[in-house]
Amino acid sequence: MNSRDIGHYIKIVNGGGSVLGPGDTDTDIEGAAIDRSGYLSGVFAVHYGINGPSIDGQLGITAKIQESADKSDWSDVSGATIALACVTLAASNVPVSAVAEVNVDFSSLDKYVRAVVTPARSAAEADTAVVGITAILGGADVLPV
C-alpha cells in the first residue's frame, strides 16, 4: 500500500538543548548542526520550562536561527527569530513549560542550520530551566514513491 501520511513529507530532528540548574549562568545554548540538504523549509520548535522554589520566578527565552556551509562559521538568518517568550511559576516547585516556534525558508540558506537559544531566569540562583530544540524539516526536494 502506498501511504501518504504526513510522516512521508517531513523529517523530525533533535536540535539539542540543555538544563540549567540553580546557580548556573544563563548563557547561549547552541543547538546541534542540522544538515538541511533536500529540504526547502522547516520549523524550529523550542520547548522551555522552569521549576523551583521561587513563586513568580520567570524564564524568558529569545532564539535565533543560524546557517553555515561548514559547521564552523555561523551567521544569523535574517528574520528567523523568537523575540521573547516567557513562563512564570505560579506555585513553588510546580513546573511550567511552553513551546515557541519559528518558520524558516531554507531555499537560499547554507547546508547546515541550527537554533541558538538565550535563556533569562529571574531567580537563576534558585530555579532550574530546561530548554529543548526540535527541527521539523519539510518541503522535500524528492517525494517518496
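Predicted model: local features only at pLDDT ≥ 70, side-chain atom pairs only at ≥ 80, totals over all residues.

Q: Where does D127 lie?

A: D127 lies in the loop between strand 8 (112-121) and strand 9 (128-140); strands are DSSP runs of E, at least two residues, numbered from the N terminus.

Q: Is D127 buried or exposed?

A: D127 is buried, at a relative accessible area of 0% (buried means under 20%, exposed over 50%, partly exposed in between, with a 1.4 Å probe and protein chains only).

Q: Which residues are in contact with D127?

A: Leaving aside neighbours within four places in sequence, the contacts of D127 include L20, I50, S54, L89 and R121, where contact means heavy atoms within 4.5 Å.

Q: Changing topic, how many salt bridges does the structure hold?

A: There are four, each defined as a side-chain nitrogen of Lys or Arg within 4 Å of a carboxyl oxygen of Asp or Glu. One of them joins E30 and R114 at 3.6 Å, N to O.

Q: Are E30 and R114 buried or exposed?

A: E30 is exposed, at 55% relative accessible area, whereas R114 is buried, at 9%.

Q: What does K64 form with D76?

A: K64 and D76 form a salt bridge, with the closest N and O atoms 3.6 Å apart. K64 lies in strand 5 (residues 58-68) and D76 in strand 6 (residues 75-88), so the pair ties together parts 12 residues apart in sequence.

Definitions and conventions. Residues numbered from 1 in each chain as written. Heavy atoms only, no water. Helix = DSSP H or I, 4+ residues; strand = E, 2+ residues; numbered from the N terminus.
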